[in-house]
Amino acid sequence: MLAVVRLGDEAYGAAIRDELDRVAGRTVSVQTVWVTLVRLEEQGLAASTEVAAPEGGRPRRIFRLTPEGWSALEASRASNARMWEGVVRP
Amino acid sequence: VTGLLDPPPAGIRRALRRVLPGPRGAEVLDDLDRAYGALRRRHTRRVAAAWYLLQLLRPATWRLAWALRRIHAADDRRRPDRIRTTRGPSGIGGLSLDVKIAWRMLARSPGLSVVGVLGLALGTAVGIALFVFLSGLFYPTLPLEEGDRIVALSAWDSRAGRSALPSVHDFVTWRAELRSVEQVAAASMGERALVTGDAQPQPVRTAAMTAAAFQVARVPPLLGRSLEPEDERPDAARVAVIGYDLWQARFGADPGVLGRPVLLDGVEHTVVGVMPPGFRFPRSEALWTALRADPTRVERGEGPQLFVFGRLAPGATHEEAQAELTVIGARAAAAFPETDGHLRLQVLPYTYPLDGIQDQTLWDVAQVQLMVTLLLVGIAVNVAVLVYARTAMRQGEIAVRSALGASRRRVVSQLFVEALILSGLGAALGLGLAHVALGQIQVIFDSLEGVGFWVDHGLQLRSVVFAVALAVLSAVIVGVLPGIQSTGGRLSADLRRLGGGASVRLGRGWTALILAQVAVAVIVLPTALHLGHQEIRMGAVRSTFPAHEFLTARLGVAVQVRPGMDGEGYRREVARRFADRLPELERRLEAEPQVVGVTFEGRLPGRGSLVEIEGVPEPAEGGGHPAVSVGVATDYFALLGARVLTGRALRAPDIGEAGVGLVVNEAFTRTILRGEPALGRRVRFLAAAPTGGARQAVPGPWLEIVGVVQDLQASALDREIAPPFAYYAVAPGDLQAANLLVRVRNGDADGFGPRLRDLIAALDPDLRVASVENLSSVRNPRYLAMAAGGLLLVLITVLLLSAAGIHALMSLTVTRRRKEIGVRTALGARPGRLLASLFSRAAWQLGLGGLLGSLPGAALLMANGLAGRAAATFLCGVAVLMLATGLMATLGPARRGLGIQPMEVLREE
């Protein structure tokens, strides 16, 4: 979800996969990325629209977070932060 | 895809595309292609391709496939206006789509499909079975080299109105003069007693043939030689050629059989050749001798009747041969007007004279074939009614497709493909059914003697072609006709109907069809049931005495043939041995603790199965009354426990050729004497003439009926139905072979079999025993099961088709009047009234159809020998059955009709 947010108008399948690889250092398969995206769509956390590709190729599906998606992302961040509270390395 | 060294393997890509549907799937595939490209830049094509293939197998791909299907279904639900395309832009149209849609439609209404397929299967099966049977009879294929060029030469006696087999004079003339037929040969067939070595005499089908017959058949002998022209000379040594089976059975396949003597009706012949397996020329013979065709020894038109045949000369046609033979016939008629003036000579297919077929009967074939076709057309029309009813409900769909640009041809072809699948399945099932049924018939035929060597009831290519033709014909009737009708209407009107429920109607034509169907069922079913029932009653013959307590064995005596012993001497020797051994065997058997008693039966020569009775007119077809004749021991009836109803049982003075006493069974008095008193009436047996060709019969001496016994065999279903029997008394010394009947205590007849064989062997090693069986297991129930099964199948099919037709009609009625029913329910109509108004039409149709059918149905029943109360019972039974079936078929639609919610209907407005 964070990758979708970070890419903004460029959040299509292959770009999201590259972003995960580049920033998080995690290599995931094309299918795994797409399964996640489709499930996010099904749960209403993300939505997609088709836009024409700049170089005139096949139209791309650009993903963005819905308000529910934003809420879920923020909730996740808050719970993460709460879990970190008072955690000190011995 | 740009930037790739080479594209990914196309086949894997297509498979992936199929797994990953929709626009998202296309995008996933693009991503995969890009990943493939990246890999390809660093590795070989093989590695990249392997990775690409791996993608198809990864669980993640299949998880994604599921997710994509779910989300696309959701997309479609959100956008109902969207017209779905099945698959990719190139997937629309073409036969494969038609087939796919057709399968889907058939699967959607499984009941209708099953009924349709079953109906068509039965029709096809009956059609094919009759086709195989008739084409085998009328267009036989001779399994011989160039078999289609072998013809028979025969004559039609215009004065007697029947065919006349040629005589020696005709044959000699034809052989000398005919140019367009070569190797003109003649044969005279008949059964003769064969004695080989010390074995008992055995009846064998033999043919006396001219040597040319072997050239016609073009089958070389396996051993030795076949017949040669020299063998035909009156002074030539008597020689015989034997068949393979005979060689195996009687000579143990001994290669030294050539030169061995055999006795044929007491006359010695020398074996000169063995024919290969399967050779049963000219009809079903197993042994051949030379025919001595000497016209100087018989008057013109006299002498044995011959079967004359030959091969068409190279280049000659059937017509040319006929023309030449006609000229020869005209010349003979001018020269001998007395004997030949009324004969018309014919060139016929080889098998026709043997099967008793004349050209005139070909009209009958045409009639039968027409009936078969009509039967199938009838069934196809029935199925068409069903399919039409469904097609009519799809009027809206058809209209939309037309509006979207589908041509009428396109829509009709879609319906045709649907029907073709239906009829194709039916034809395949029908072929299977026919195959099984024909296999059973072949088994029965194989067990019969004298069936022509060319008879083969297997499914040949032409049967399959015929089945395919039937399937296409059915598909045209079932698919195209309703299709044309339902696409013929005005498009706008059909489109308007889309919203407010289908307002389709079944036209008058279809109503008439259903009416006609009920009528035809009422006409045909009672007679079919009556005939089938009778057939089964006749077949289900059961013994009225405790047959399971009896063990039966066929006994013969092997007599060593001494030089100079002729046929008469041989027979006397056999009879002497029987007179000596049989009473001793009876004594020894009766001394056994398990044995209650022993008796025997056998036949006297010349006492056949036709009888002439003084004061009783001959049957119309001539040749005497058929009755089973058996010679029995005087204690026969006592041991079997058969009651003598009037008169007395057979006694010692009745025995043998000199005896005049005869006992008949109840069935004899019932069916042949028609209930008139039997005692004192004079009866004589008719023996078939020795030539076997003509149906002349030689009467034996007069006998007098001295008693009537109860039927020993009667139908299990109706004791009135039993075969007529005539019993005469015999002593062991009269017999050449006998059936021994041993009654065993406690019913363990089978257990006594080995002991019986031992006793016989111990008494005299020359006594030959064959087929030791329990008397109750002698009968073959196969035929009966087939008849019952066939009858049941026909009944179920007719009922099922009628029910399906009525069901379709009622379903349509309910759909059409949905709105009206809703409004009436809203206005408070009672369910009873609603039902009555809905189903008055069905009841009306059933009633009228039944009424229309009952009169011709009764007439048909009467024509088939059933009248009065029994006929009324059959007719009423069928009418009630049809009515019940029809009403059952309306139950479903009725429930649907009553379940219509007024609010829903009104909301639809």
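**Note on the predicted model of chains A and B**

1. In this predicted model, chain B comprises 909 residues, of which 46% are buried. Its secondary structure consists of 27 helices and 26 strands.

2. Among the contacts in chain B with a separation of 6 or more, 79% join residues 24 or more positions apart.

3. Turning to the interface, 19 residues of chain A and 20 residues of chain B take part in the contact. Between the two chains about 1,700 Å² is buried, with carbon and sulfur atoms giving 56% of that area. Of the area that chain A buries against chain B, 35% is supplied by Gln31(A), Trp34(A) and Arg58(A), which is more than any other three residues provide.

4. Three salt bridges are counted between chain A and chain B. A salt bridge joins the side chains of Glu42(A) and Arg70(B), at 2.8 Å from N to O.

5. On the side of chain A that touches chain B, the elements giving two or more residues are the helices α2 (13-24) and α3 (30-42) together with the strands β1 (46-51) and β2 (60-65). Helix α3(A) gives the most, with nine residues. By class, this side of chain A has eight charged, six nonpolar and five polar residues.

Definitions and conventions. Residues are numbered from 1 along each chain as its sequence is written. Chains are lettered from A and ligands numbered from 1 in the order in which they are written. This is a predicted model: local features need pLDDT of at least 70, side-chain atom pairs count only at pLDDT 80 or more; totals for chains, interfaces and linings use all residues. Side-chain values use heavy atoms; hydrogens and water are left out. Contact means heavy atoms within 4.5 Å. Buried area is the accessible area (1.4 Å probe) that two parts lose on being put together, summed over both. A salt bridge is a side-chain nitrogen of Lys or Arg within 4 Å of a carboxyl oxygen of Asp or Glu. Helices (H or I, at least four residues) and strands (E, at least two) are DSSP runs, numbered from the N terminus. Ala, Val, Leu, Ile, Met, Phe, Trp, Tyr, Cys and Pro count as nonpolar, Asp, Glu, Lys and Arg as charged, and the others, Gly among them, as polar. Buried means under 20% relative accessible area, exposed over 50%, partly exposed in between (1.4 Å probe, protein chains only).
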